[in-house]
Amino acid sequence: MRLSRSLIPTLKENPAEAQIASHRLMLRAGLIRQQAAGIYAWLPAGQRVLRNIAQIVREEQDRAGAQEMLMPTIQSAELWRESRRYDAYGPEMLRIADRHDRELLYGPTNEEMITAIMRENVQSYRDLPQILYHIQWKFRDEMRPRFGVLRGREFLMKDGYSFDFNYEGAVTSYRRMMLAYMRTFRRLGVRAIPMRADTGPIGGDLSHEFHILASTGESAVFYDAAFEAIDLRGEQVSYDDSAELDAFFAHMTTLYAATDEKHDTEAWKAVPELRRREGRGIEVGQIFYFGSKYTKAMGFSVVGPDGARIHPEMGSYGIGVSRLAGAIIEANHDSAGIIWPAAVAPFRVAIVNLRQGDAETDALCELAYAKIGDSALYDDRHERAGMKFADADLMGHPWQLIVGPRGAARGRLELKERCSNERLELALEDALTKVMA
Ligand code: ATP
Ligand code: MG
């Protein structure tokens, strides 16, 4: 993209309404603009970040055998009366009436809808297991929307749902999703720790939240310091080998890690005192196993192996896609701005033209821009060098190609890496090799 023709409205000053770094930086870097409390427009650079995060989430869900679908944002109240959650959900649910006075709502989650869809279309245990997911906007009328996209009212979530015909299958689905989550977070460039969690209003027996450690996090977390050193990736584990999955799950869950209020249990006291860590975390995902809670309440059963009808066992699996954009910045920034991990950066490289209008400088910039294509943001504005440097640092592109008249005359430019601040003088071809590696 050419910056001179792009809607990337960077701000020099810190916006007064932003209390934490990621909110400040998302506004200052021109990624988002608030439209109402907790409701944001994603401007072109912000939309590229959201799309990159969603794409990684999607690829890892697909790899785990989950099927992508798309359910609507608007749901009928009737559906939620079946599970008895319509009244129980309370004021966080945005309730809407249509012109015929039919009661609708803007979905805060989709357990009811997916169960109704399965009920209509699946009759036999032979059609299970299945895992389905979608990436869709949710609405929760949060009491205190704050910290920008970290706690919005409208937010983008990946939510997935597993259906198995027995307990063993449901546990395997749960473990598969935990593995998919660890791979997803690793690719996003963040370290998220799985923590034992309460099941809350969704109900059920088993749940883990995934937390990025950050001093600005809203959740209190309690964990064994040994977690900081262990490998969380699971790169070698096969989705189809249940022994490997079990070993991976055991590896992820033997060390103590839990959220809020869990610190006075026995298990916490068993952690050697020197290894007990209390900190703050940002919840970027949560997974639940809740058995037949919804399938029973909503009358979804299948014919089992012995001919008798059984209620399938369910799990649900959420990732906060829009929250992750803020959380990744919270974990990757300095006083000058954002430091994007390459996989989610809106642009891989900024081309900084230090003398717009100088023939040789312009020509070298144009050549670089033509070679890199869509993943470059070309700063072709008629602005001072100082402002261009500051904006490139603020926007946080992993690489900057800095082109000035002295170097351009010799066919050379400067390559700066944002995360290390390292600068190298190189010919264009050599710089491109490094940037594209
Ligand atoms: P929280 O405890 O932060 O309110 P939750 O436990 O109610 O979140 P879940 O129902 O587990 O949320 O939703 C799955 C994921 O969706 C969360 O892990 C989080 O990443 C994201 N999410 C939930 N609420 C919000 C919100 N208000 N704004 C942005 N993302 C959210
Ligand atoms: Mg949660």
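**Entry 1: between the domains**

I began with the salt bridges between domain 1 and domain 2, and the count is two. A reminder to myself: this is a predicted model. One salt bridge I looked up joins R48 and D374, whose closest N and O atoms are 3.3 Å apart. I then turned to polar contacts, where the count between domain 1 and domain 2 is eight residue pairs, both residues at pLDDT 80 or more. On the side of domain 1 that touches domain 2, helix 1 (21-28) and strand 18 (337-338) are the elements that give two or more residues.

For the bounds, I noted that the domain assignment of the protein chain puts domain 1 at 3-338 and domain 2 at 349-435. The contact takes 13 residues from domain 1 and 13 residues from domain 2. Their C-alpha centres lie 38 Å apart.

How much area is buried between domain 1 and domain 2? I found about 1,200 Å², with carbon and sulfur atoms giving 55% of that area. Within the area that domain 1 buries against domain 2, L3, T10 and I338 supply 44%, more than any other three residues.

**Entry 2: helix 12**

Next I went to helix 12 (residues 385-395) and listed its buried residues: M387, K388, D391, A392, D393, L394 and M395. What covers the buried residues of helix 12? The cover includes helix 1 and strand 18, the two elements I had already noted on the domain 1 side of the contact. It also includes strand 19 (349-353), strand 20 (376-379), strand 21 (399-403) and strand 22 (412-417). Just after helix 12, I saw that G396 takes a positive phi of about 80°.

**Entry 3: a buried lysine**

K158 is buried yet has no salt bridge. How far away is the nearest side chain of opposite charge? That side chain belongs to D159, and it is 7.3 Å away.

What I did find for the side chain of K158 is a polar contact with the side chain of Y181, at 2.9 Å. Leaving out residues up to four places away in sequence, K158 touches V57, Q61, Y133, H134, I135, Y181, Y317, G318, I319 and V321.

The peptide bond from L128 to P129 is cis, with omega near 5°. I placed P129 in the loop between helix 5 (111-121) and strand 7 (130-139).

R84 has a positive phi, near 65°, though it is a residue other than glycine. I found R84 in the loop between helix 3 (77-82) and helix 4 (85-88). Is R84 buried or exposed? R84 counts as exposed because its relative accessibility is 66%.

N421 is not a glycine either, and its phi is positive at about 70°. Its place is in the loop between strand 22 and strand 23 (423-427). I put N421 down as partly exposed, because its relative accessible area is 48%.

Technical notes:
Residues numbered from 1 in each chain as written. Chains lettered and ligands numbered in written order. Heavy atoms only, no water. Buried < 20%, exposed > 50% of the residue type's maximum accessible area, 1.4 Å probe, protein only. Lys, Arg positive; Asp, Glu negative; His and termini not counted. Salt bridge = Lys/Arg side-chain N within 4 Å of Asp/Glu carboxyl O. Polar contact = N/O pair within 3.5 Å; in protein donor to acceptor, adjacent residues only side chain to side chain. Contact = heavy atoms within 4.5 Å. Domains from an automatic or database assignment. Buried area = accessible area lost by both parts, 1.4 Å probe. Helix = DSSP H or I, 4+ residues; strand = E, 2+ residues; numbered from the N terminus.
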